[in-house]
Amino acid sequence: MIKNLITLLFFLGTAQVNAQLVILQYHHVDASTPPATSISPDDFASHLQLLEDEGMQIVDLATAMQKIQAGESLPDKAVAITFDDAYRSVYDTAWPMLKERQWPFTVFVNPAFVDQQYNSIMSWDELKTLQDAGNVIANHSMHHKYLIERPADIPLNDWMNQEVEAAETRLEEKLGTSHRLLAYPYGEFNLAMTAWLKDHNYLAFGQHSGPVGKVSHMQAIPRFPAAGVYANTKTLRTKLYTMPFAVGPQQLQEPVLPDASLPALSLTIPLQDFYASQLQCFASSEGKIATEKETQADGGLKVRTQASEPMPGGRSRYNCTAPSKAHKGWYYWYSQLWINKSVANR
Ligand SMILES: [Zn+2]
């Protein structure tokens, strides 16, 4: 009996690790572009070496997301690599390094900028070449606007059609493919947009950090930014060993805040394979924050967390983490995005 129970727990634990994915987000791979969104070729090489040394399995994002949704397993330690904005350095510098290892990747593109033949951005021919080599070219919206700042005279449906659907149509015209995968410009979204995208069959990716699993909100999929201040291989390594908390889509809170507000995040998490006593939440603006925990009669853990200072202008997040019991060295992770729109360029 005990032995069967242990076997069952082992299987449950293993299944959790296998049906999940860590997604890394990059922009430029170039030492001379803006540091906040760049990683140098040397540092990028170190990242790839780290992924290899840690035995990470680099998977195709589109296929992996289909499998996660279908409840199929992924390789242990699955990681997907993504690039936003289709910068030329991805073609010239990152691709040769990835090709050497035969690792696939995804590029999120703004079709209007490709059409305008921006010098820093890949051409349709180059994107097609990447696609033909086994990579995915997907949607980063038409013009890279702050999508949460919809003009008052444009209904949501029109706005999403002109910024998202039109971009998808253009990708299909130029490349013959439509994956219906959207990376939000700046990683910004609101609940109304997530509902529209769900209705229109899109999966949508932010940049609010965290791993993704079957239970995750499929229109608020986290990615780990891996460049700029996040390029350090030690902090990157920590993120590779993360698993999603079983926090369902209905627990996503509206990210867009009234100015200078002090949001509270409430979560209910089934008490499974994590040390509840070590569950701790952090605010990107201040580090460790007050984290109240209460065990429910039904075996769930109720968590309430709040920073001590209002969210600064721009994007912030709360991250909650707890170590796994069954998988030593792995952490469960959940992030909530907050946006204080008071800063125009954020
Ligand atoms: Zn972008």
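# Exercises on helix packing and domains

The axes of helix H2 (residues 41-53) and helix H4 (residues 88-101) come within 11 Å of each other and cross at roughly 20°. This is a predicted model, in which local features need pLDDT of at least 70, side-chain atom pairs count only at pLDDT 80 or more, and totals for chains, interfaces and linings use all residues. Residues are numbered from 1 along each chain as its sequence is written.

**Exercise 1.** Describe how H2 packs against H4.

*Solution.* Step 1: take the angle. Axes are lines fitted to C-alpha atoms, for helices over the stretch in contact, with angles from 0 to 180 degrees between N-to-C directions. Angles under 35 degrees count as roughly parallel, over 145 as roughly antiparallel, 65 to 115 as roughly perpendicular and the rest as oblique. The crossing at roughly 20° therefore makes H2 roughly parallel to H4.

Step 2: list the partners. Residues are in contact if their C-beta atoms, placed from the backbone, lie within 7 Å. From H2, Pro41, Phe44, Ala45, Leu48 and Glu52 meet Thr93, Ala94, Met97 and Arg101 of H4.

Step 3: sort them by class. Ala, Val, Leu, Ile, Met, Phe, Trp, Tyr, Cys and Pro count as nonpolar, Asp, Glu, Lys and Arg as charged, and the others, Gly among them, as polar. The contact of H2 with H4 comprises 6 nonpolar, 1 polar and 2 charged residues.

**Exercise 2.** Describe how H2 packs against helix H9 (residues 233-240).

*Solution.* Step 1: the axes of H2 and H9 come within 11 Å and cross at roughly 40°. Step 2: Ser46, His47 and Leu50 in H2 meet Thr233, Leu236 and Arg237 in H9. Step 3: this contact of H2 with H9 has 2 nonpolar, 3 polar and 1 charged residues.

**Exercise 3.** State how domain 1 and domain 2 are placed and joined by contacts.

*Solution.* Step 1: the domain assignment, automatic or from a database, gives domain 1 (2-244) and domain 2 (256-340). Step 2: their centres, taken over C-alpha atoms, are 24 Å apart. Step 3: 17 residues of domain 1 are in contact with 17 residues of domain 2. On the domain 1 side, helix H1 (2-18) and strand E12 (242-244) each give two or more residues. By class, that side has 7 nonpolar, 9 polar and 1 charged residues. Helices (H or I, at least four residues) and strands (E, at least two) are DSSP runs, numbered from the N terminus.

Terms used: Two residues are in contact if their C-beta atoms, placed from the backbone, lie within 7 Å.
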